[in-house]
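Hello,

Here is the structure I promised to pass on. Please open it first, then read my notes below.

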Amino acid sequence: MEKKMETDNLEMRLQALENRIHGERRNKSGKPAKCAESLTRIHASLTNTANKRERVKILHKKIEDLLKYLDPEFTDHITLPDAMKLEFILAEEDFLLSQAALLEQVSTLQPLLDSTYIRDVPEHATKLQRLSQIHIKEQDQTEAQSIEVKKLFEEYNKMMFLLSKQFTQWDETLRKMEEVKGIRPVE
């Protein structure tokens, strides 16, 4: 009973689909057109046409071969014999072993990734963002301070240079005066 209801339900759905596709069209006998019948008729006519033409028959026979040739792995199969593939694998043995060791290391470290510290990272992201902003602000302040200190050092150096020059001039003037008076300089 249940199967009959499912079949009836399926037939009603198919009829609704056919009405959507074909509309209210009817076939030559006056019955509503059915998709399955139309598709069967089209398939039969294509098969008859294909069987009548020799070239199409040959093409149908070769489609399987063509699909095999279009497969990207086919060129590898033709060009690389199994012995060559084995040599490639053996040549990369060290690399493969190192990769396997790294994968084992990752799997042993997996519990660390599942730790509460890692799970809490999103919570700390806001704090880190705030600290990053403070750090950037302090870097800007430090740069401004460095520029100010550099200016002060430059002024200090200028002042020391001018004082040194002035003392040198005074020393030279004093020496000349002592020579004129005949006083011997103290060393």
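How many helices and how many strands does the secondary structure of the chain come to? The count is 8 helices and 0 strands. Read from the N terminus, the elements go α-α-α-α-α-α-α-α. Keep in mind that this is a predicted model.

Next, the surface. The chain has 187 residues, and buried ones make up 4% of them.

Now look at helix 8, which covers residues 121-181.

Start with the charged one. Side chains of opposite charge can pair when their charged atoms come close. The count here is 1 salt bridge. D171 makes it with R175, and their closest N and O atoms are 3.4 Å apart. The cut-off is 4 Å, so this pair qualifies. Both residues sit in helix 8, 4 residues apart, or about one turn of the helix. Are they buried or exposed? D171 is partly exposed, at 39% relative accessible area. R175 is partly exposed too, with 38% relative accessibility.

Then the rings. The count is 1 aromatic pair. F167 and W170 form it, with 5.6 Å from centre to centre. F167 and W170 are 3 residues apart in helix 8, about one helical turn. Both F167 and W170 are exposed.

Best wishes

Terms used. Residues numbered from 1 in each chain as written. Predicted model: local features only at pLDDT ≥ 70, side-chain atom pairs only at ≥ 80, totals over all residues. Heavy atoms only, no water. Salt bridge = Lys/Arg side-chain N within 4 Å of Asp/Glu carboxyl O. Helix = DSSP H or I, 4+ residues; strand = E, 2+ residues; numbered from the N terminus. Buried < 20%, exposed > 50% of the residue type's maximum accessible area, 1.4 Å probe, protein only. Phe/Tyr/Trp six-rings, centres within 6.5 Å; stacked < 30°, edge-to-face > 60°.
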